[in-house]
Structures are given as C-alpha cells and as structure tokens.
Amino acid sequence: MQDDYGLESWLVEIGGDIIERKSSQGIESLAPIQLAIYNLWLIDYAVRNSGSFGPLEDMESNAITALHAFSSANNMPALSSWLSQANDEETFCKNYYHHFPGACLELKLRSAVT
C-alpha cells in the first residue's frame with residue numbers, strides 16, 4: 001500500500017487543484033469524485049490541524065456525511081466503514097492516521113478511473 005505521506009501529498013496537491021476550480025467556477029462545477037476528494041481534503045485539514053472536527057463545524061461543512069454517502073454508493077468499503085465511525089469524534093480523530101491510508105487510497109484509485 002502507498003505510504004501515508006505519499007497519499008497525504010496526493011490529497012494536498014489534487015485538493016489544491018479542486019479548490020482553485022471551486023473558487024473560479026463554483027462548487028456546482030465539480031464532478032462527484034472531485035467533490036468527494038474535496039470533502040476528504042476538508043476532513044484531513046480539520047483533523048491534522050486541530051485534532052477535531054471543529055474546523056468543519058466552523059465552515060458549516062457536511063463533508064463527513066457527504067463523503068460517507070458517496071463512499072457507500074460507490075462501493076468504497078474502507079472509506080465508508082471509516083466514516084461510519086465519525087459519530088465518535090474523539091475515537092475517529094485518535095485513530096485517524098491508522099485509517100487514512102486505506103480510505104484515501106480507495107478515493108485515489110477511484111479518481112484515476114473516472
């Protein structure tokens with residue numbers, strides 16, 4: 001499996017491209033996979049920088065719910081299973097780095113085929 005650093009770098013890079021597109025063309029210009037990557041970027045940003053969902057709440061983001069729905073509908077079991085644990089914020093954040101690689105890799109692989 002690709003290492004966490006490589007996946008984190010991929011997420012930051014592609015997330016930056018998606019943020020630029022969202023800023024210039026609006027959120028409605030994003031394809032579903034791009035919106036899913038953006039939502040993971042938001043979650044990653046929140047947890048890595050604050051260790052909590054606080055930044056998501058500050059942005060009034062539904063990133064977790066939206067990404068969970070996307071992953072469930074698109075047969076992404078690692079991502080879906082991981083996000084289903086988000087009801088317990090403390091445990092989710094504590095175990096974040098353990099689950100991130102598998103979940104992010106599913107999203108990366110899906111983005112490569114769409």
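Start with the largest nonpolar core, which has 33 residues. A nonpolar core is a set of buried Ala, Val, Leu, Ile, Met, Phe, Trp, Tyr and Cys residues joined through side-chain atoms within 4.5 Å. Buried means under 20% relative accessible area, exposed over 50%, and partly exposed in between (1.4 Å probe, protein chains only). This is a predicted model: local features need pLDDT of at least 70, side-chain atom pairs count only at pLDDT 80 or more, and totals for chains, interfaces and linings use all residues. Numbering starts from 1 along each chain as its sequence is written, and side-chain values use heavy atoms, without hydrogens or water.

Select Ile-43, Trp-82, Phe-92 and Leu-107. These have the most contacts inside the core. Now colour helix 2 (32-50). Helix 2 gives the most to this core, nine residues. Helices here are DSSP runs (H or I, at least four residues), numbered from the N terminus.

Next, zoom in on Leu-107. Leaving aside neighbours within four places in sequence, its contacts (heavy atoms within 4.5 Å) include Trp-10, Phe-70 and Leu-79.

Now show helix 2 with helix 4. They pack at about 135°, axes 9 Å apart. Axes are lines fitted to C-alpha atoms over the stretch in contact, and angles run from 0 to 180 degrees between N-to-C directions. From helix 2, select Pro-32, Ile-33 and Ala-36, among others in the contact; from helix 4, pick residues including Ala-63 and Phe-70.

Finish at Ser-29, in the loop between helix 1 and helix 2. Is Ser-29 buried or exposed? Ser-29 counts as buried, because its relative accessibility is 19%.

Conventions: Helix = DSSP H or I, 4+ residues; strand = E, 2+ residues; numbered from the N terminus.
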